[in-house]
Structures are given as structure tokens and as C-alpha cells.
Amino acid sequence: MQTVRHSEHTLKTALISKNPALVSQYEKLDAGEKRLMEEAFRPDSDLFGPITLHSQSDWITSHPEAPQDFEEFFNDPYRKTPSPQKHSIYIQCIGLLGNTRSISEEYVKWLKGYCEAFFYGLTVKLLEPVPVSATRCSFRINDNTQNLQIHAGQILKFLKKKKPEDAFCVVGITMIDLYPRDSWNFVFGQASLTDGVGIFSFARYGSDFYSSHYEGKLKKLQKKSSSDYSVFDNYYVPEVTSVLLLRSCKTLTHEIGHIFGLRHCQWLACLMQGSNHLEEADQRPLDLCPICLRKLQSAIGFHLKDRYKALVRWVDAESTDTPTVTPERSREDPLSLPKPVEAFKEWREWITKCLAVLQK
């Protein structure tokens, strides 16, 4: 196990900058916000710590990247920033996220609510869910894991065509595994920062995906034609659990963070760290280090206290709304599904500590 530890001076410069204009911008933050941000370079901080590497296959070791400090982020001529005209994050569900339609609808509402709190100040909207057939994408059975996969790049093209006028970005989410090209085994997600679109799969976040008794395996693909998507009519969807929801929230916010122009974090333990495998992704925190938090705050303009309080409200809210009976719902469809937030409890305690620092 190895620790990536930076000096106090290095972290302070990465957060505040030496550019007088950016230093002045930082000094305008209120006292509580500066107090929390400066936990970044306090060696004894119990809120933010160094990155820990557990193996040679971890992201930083196998994917060397230049670190991005606040100044570099702020001056990036290619990054996109929300505007009054483009102020909405759209979520496009592709296929079902749960075993029934109502579970799927509830799951995507939980993700919507989480994004609204995480990217506090932006509007998050849901596009009408679509079946895989609507994307006209290629698909296959993975030779190794024998599960269905859909082509990520072709779905990005579909999302780009559907992008509303007021969209800052459109993100597609699915419980079907993805592949970017024939030679690749799989990919968790793919995004185009230029077009402001991304597609992310939660298929491999189910507790049984890598087990020998995984129910999503198919022996062979019986396809009458390239437009025959009937194989997706009853494809396997993992059980909704608290861990699955937590992993989904992590992936969604990490990838949308990239669309904002945040690169992989190499300063402190942070949501924006890269990950090569599920174990490494699970070890990442659920929220941002102060350096990445300042980047997001400068792009959106929220107050830290308001954002953290919104995240606590999301954890504490039992469900998205009061369930109603409609004629379209089948009788076997559960009308109410409690939000499984057990896996978020430790994180909620961490947010409470952050709020205590902000409100001293």
C-alpha cells in the first residue's frame, strides 16, 4: 500500500493559486467556506486525506496524467460552463433500471434528486425513457462474460441528436453493459466533452455480475436482422440495493464532473480520482476534495453550506414523492419503494462534520 502525499505548500497553491486575480476571488469566499477549503492542506485533517494506492493496477500508477490545479481548470479555454441559456442537466434512461417499470422510474428519480443536490443550483430534468431499439445502436454478447452489451459511441450520437436547447449536458444511463469498439472487452462509460453528452452503465455494479451464477449470461445471440432488438425484451437487471445506488451516484457525478472540465484528481482522496476496477472505485470517497470542490463551485456558483444541506436532505428523504395509483401500473408493480440509503450513512456523518466547520 502506498500513499500519495503532497506538501502543504503544493496543496495550498493548487487550491488558491498564485495568480493575484484568482487569489482575490478566493479571498471573497466567506470565512466558513475558506475554513473548510483550507482543510485541504491541514496535515491532521479528519475530513480530507491523501490518496492511498492499493495495487500496481490502480489508476494513478497505470495512467500517468498531469495534475490539474484550480488555476489550470479556471483558465482552460475548452471547458464548458453553464449559462442562463444552458442551465439544465438532462438524464436519459435507456432500457429499464429495475425489474419493473415503477422500480425503474423510482431509481431514476433518486439519481435525479442526487444530481440536483450535488450540482446544486442547476436544474436536472428527465427525458422520456427509451428502449434500446430507439437508439439503433449495435449490440453483441461479450465473449468473456457472456452478457449483452450495447455500443457506447453510437449511443452518444443518439444523445447528441436529442439534446434540448437549454441543456448543459445530456447523460444516458443504463443497466446494460457497454463496449466502445469491437476490440474492447467493456467500458463503464464514455463521454464527449465537446458535445456535452455521456453514456454510463451500472450493469457491473450489481452484487452478482462477476459471480458464476450471474443470471444475465446468454449462450448465443439469435438475431433475425440488425434491427431485431427482441433480445432486450426481458434482459436481466440486478436487484436494487443500497450499494448499487451508491455506486450509481458515484459514477454519474464523477462523469458529469468531467463534462464540467474537471480532470482526474491527483491531489487528495476525491470522487474525481480515476479508477481501473470496481474495488478501486469503491475506495473513492463519494464527494469532492476542496480543490475539485472549488472548481465546481466556480463553474456553478453555489454556497457550500446550501449544497451540503441539500445532500443531507436527499439522504434523509424517504422517497422521491408520494406514490399514486394509476391505471397504467400493473398490480404486481410495487407502488412505493423506500430509498435504500444504508450505504450513505457514513458519508452523511462526514457531511455533518463539514457543515460544522462551515458554521463555526
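## Exercises on salt bridges, domains and a cavity

A search of the whole structure, which is a predicted model, finds 12 salt bridges.

**Exercise 1.** Describe how the chain is divided into domains and how the domains meet.

*Solution.* 
Step 1. The division gives domain 1 (2-78 + 268-301) and domain 2 (88-255).
Step 2. Taken over C-alpha atoms, the centres of domain 1 and domain 2 are 29 Å apart. To the contact, domain 1 gives 14 residues and domain 2 gives 14 residues.
Step 3. About 1,200 Å² is buried between domain 1 and domain 2, and 67% of this comes from carbon and sulfur atoms.
Step 4. On the domain 1 side, the residues that lose the most area to domain 2 are L278, L286 and I300, which together make up 46% of what that side buries.
Step 5. Between domain 1 and domain 2 the count is 1 salt bridge.

**Exercise 2.** Locate the largest cavity and work out which parts of the chain line it.

*Solution.* 
Step 1. There are 2 cavities of 30 Å³ or more. The largest cavity has a volume of about 40 Å³.
Step 2. Its lining consists of Y205, R247, K250, T251, L278, A281, D282 and R284. The elements giving two or more residues to this lining are helix 8 (242-259) and helix 9 (278-283).
Step 3. Sorted by class, the lining residues of the largest cavity are 3 nonpolar, 1 polar and 4 charged.
Step 4. At least three lining residues come from each of domain 1 (2-78 + 268-301) and domain 2 (88-255).

**Exercise 3.** Which salt bridge do the side chains of D282 and R247 form, and at what N to O distance?

*Solution.* 
Step 1. D282 and R247 are both among the residues that line the largest cavity.
Step 2. Their side chains meet in a salt bridge at 2.8 Å, N to O.
Step 3. In general, side chains of opposite charge can pair when their charged atoms come close.

Note on methods: Residues numbered from 1 in each chain as written. Predicted model: local features only at pLDDT ≥ 70, side-chain atom pairs only at ≥ 80, totals over all residues. Heavy atoms only, no water. 1 Å grid on protein atoms, 1.4 Å probe; cavity = no way out; pocket = protein on both sides within 12 Å on 5 of 7 lines; lining within 4 Å. Points joined across faces, edges and corners; volume = space filled by probe spheres on them. Helix = DSSP H or I, 4+ residues; strand = E, 2+ residues; numbered from the N terminus. Nonpolar A, V, L, I, M, F, W, Y, C, P; charged D, E, K, R; others polar. Domains from an automatic or database assignment. Contact = heavy atoms within 4.5 Å. Buried area = accessible area lost by both parts, 1.4 Å probe. Salt bridge = Lys/Arg side-chain N within 4 Å of Asp/Glu carboxyl O.
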